[in-house]
Amino acid sequence: MSVAAILKAKGAGVETTRPDTTLHAVVWDLKLKGIGALVVTDDGVTVRGLISERDIGRGLAEHGTTLLAAPVSRLLTAPVVTCAPGESITAVMARMTRHRVR
């Protein structure tokens with residue numbers, strides 16, 4: 001099975017946020033959309049990084065709740081590990097394990 005097959009069933013839509021969005025706003029966005037991560041982009045085209053529930057949880061543990069007023073750019077994960085639609089799920093799973101990403 002390929003990434004393209006999964007995207008065909010799931011859809012190719014991607015939720016995004018800007019790097020200057022507060023972490024508090026991102027937490028609400030993740031909750032309302034029922035998702036675990038957002039792509040961070042300045043222009044809606046170029047991927048600057050990802051912000052995930054895991055990033056926020058670790059940041060809160062390290063910096064406390066005042067972190068929620070900080071911009072996403074303070075915690076985002078970059079560079080982003082990517083794949084191509086034609087790649088096999090097995091290859092992508094191996095890359096995810098190697099880089100320790102979801």
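What you see is a predicted model, in which local features need pLDDT of at least 70 and side-chain atom pairs count only at pLDDT 80 or more, while totals for chains, interfaces and linings use all residues. Residues are numbered from 1 along each chain as its sequence is written, and side-chain values use heavy atoms, with hydrogens and water left out.

Let's start with the layout. The protein has four helices and three strands, where helices (H or I, at least four residues) and strands (E, at least two) are DSSP runs numbered from the N terminus. Read from that end, the elements follow the order α-β-α-β-β-α-α. The C-alpha trace spans about 45 × 25 × 25 Å along its principal axes. Of the 102 residues, 23% count as buried; buried means under 20% relative accessible area, exposed over 50%, and partly exposed in between (1.4 Å probe, protein chains only).

Now for the charged side chains. Side chains of opposite charge can pair when their charged atoms come close. Searching the whole structure turns up five salt bridges, each defined as a side-chain nitrogen of Lys or Arg within 4 Å of a carboxyl oxygen of Asp or Glu. One of them joins Asp20 to Arg18, at 3.3 Å from N to O. Asp20 is exposed, at 51% relative accessible area, and Arg18 is partly exposed, at 41%. Another pairs Arg95 with Glu87, whose closest N and O atoms are 2.5 Å apart.

Lys33 and Asp29 form a salt bridge of 3.1 Å, N to O. These two residues sit four apart in helix α2 (residues 23-33), which means that about one helical turn separates them. Lys33 is partly exposed, with 37% relative accessibility. The pair also belongs to a network of salt bridges that links Glu15, Asp29 and Lys33.

Finally, look at Thr17, which lies in strand β1 (residues 16-17). Is Thr17 buried or exposed? With 8% relative accessibility, Thr17 is buried. Its side chain makes a polar contact of 3.0 Å with the side chain of Thr21; such a contact is a pair of N or O atoms within 3.5 Å, and within protein one must be able to donate a hydrogen and the other to accept it, with residues adjacent in sequence counting only if both atoms are side-chain atoms. Beyond its neighbours within four places in sequence, Thr17 is in contact (heavy atoms within 4.5 Å) with residues including Val26, Leu38, Val40, Ile51 and Val72.
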